[in-house]
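Have the viewer open as you read.

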Amino acid sequence: MERKTDIKLRCWIDVDGQKFFGPGRAVLLQHIHEQGSISKAAKVMGMSYKKAWAMVDDMNHKGKQPYVVLHKGGTSGGGAELTETGKAVLNAFNELNHKLSQTLSAEQQQLMKLI
């Protein structure tokens, strides 16, 4: 009987021993960038606005610079957008994950033969 085996890889960034940034927050930032709104990003992800807001607030306070800026409502409505720092963190995190995945793909065959 043939078995299906996989190596799973997830990258997280901790700050002071606490999870700070990982795949979920990267996806949230990507959706904020695409949707222009925390509430719309949360909806796309099937997440409550409260949870999305808490994640954004945490990133904005624990990061060296804010990742998301909010625009107050008005005639054209409010919204949110990534700062240059937020864009840079998202791009760097995605690039790191891409490189880690490439390394795993290239190196996993020998280990998987032993399992």
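Thr83 sits in the loop that joins β4 to α4. This is a predicted model, so every value below is computed from it. Is Thr83 buried or exposed? Its relative accessibility is 16%, and buried means under 20%, so Thr83 counts as buried. Setting aside residues up to four places away in sequence, Thr83 touches Pro66, Tyr67, Val68 and Val69.

Val68 belongs to strand β3. With a relative accessible area of 4%, Val68 is buried. Beyond its neighbours within four places in sequence, Val68 is in contact with Leu29, Ile32, Val56 and Asn60, and also with Ala80, Glu81, Leu82 and Thr83. Ile38 is 30 residues from Val68 along the chain, and their C-alpha atoms are separated by 9.3 Å.

How many aromatic pairs does a search of the whole structure find? The search finds 4.

| Aromatic pair | Centre to centre | Angle between planes | Geometry |
|---|---|---|---|
| Phe20 and Tyr67 | 6.1 Å | 70 degrees | edge-to-face |
| Phe21 and Tyr67 | 6.4 Å | 75 degrees | edge-to-face |

Phe20 and Tyr67 are both buried, and so is Phe21.

Asp58 is found in helix α3, and at 18% relative accessibility Asp58 counts as buried. Leaving aside neighbours within four places in sequence, Asp58 is in contact with Phe20, Arg25 and Gly63. Elsewhere, a charge meets a ring: the charged end of Lys19 sits over the ring of Trp12, 4.7 Å from the ring centre.

In soluble globular proteins, nonpolar side chains tend to be buried together. The largest nonpolar core here has 21 residues, and those touching the most other members are Phe21, Leu28, Leu29, Ile32, Met59 and Val68. At least two residues of this core come from each of β2 (18-21), α1 (23-35), α2 (38-45), α3 (49-62), β4 (79-82) and α4 (84-114). Take Leu28 as an example: not counting residues up to four places away in sequence, Leu28 touches Ala41, Met45, Ala52, Met55, Val56 and Met59.

Finally, look at α2. Which residues of α2 are buried? They are Ile38, Ala41 and Ala42. Viewed down the axis of α2, these buried residues fall within an arc of 100 degrees, so they line one face of the helix. The buried residues of α2 pack against α1, α3, β3 (68-71) and β4. Just after α2, Gly46 takes a positive phi of about 70 degrees.

Notes
Residues are numbered from 1 along each chain as its sequence is written. This is a predicted model: local features need pLDDT of at least 70, side-chain atom pairs count only at pLDDT 80 or more; totals for chains, interfaces and linings use all residues. Side-chain values use heavy atoms; hydrogens and water are left out. A nonpolar core is a set of buried Ala, Val, Leu, Ile, Met, Phe, Trp, Tyr and Cys residues joined through side-chain atoms within 4.5 Å. Buried means under 20% relative accessible area, exposed over 50%, partly exposed in between (1.4 Å probe, protein chains only). Helices (H or I, at least four residues) and strands (E, at least two) are DSSP runs, numbered from the N terminus. Contact means heavy atoms within 4.5 Å. The arc is that of the directions from the helix axis to the C-beta atoms. Rings of Phe, Tyr and Trp (its six-membered ring) pair if their centres lie within 6.5 Å; planes under 30 degrees apart count as stacked, over 60 as edge-to-face and the rest as tilted. A charge sits over a ring if NZ of Lys or CZ of Arg is within 6 Å of the ring centre and within 35 degrees of the ring normal.
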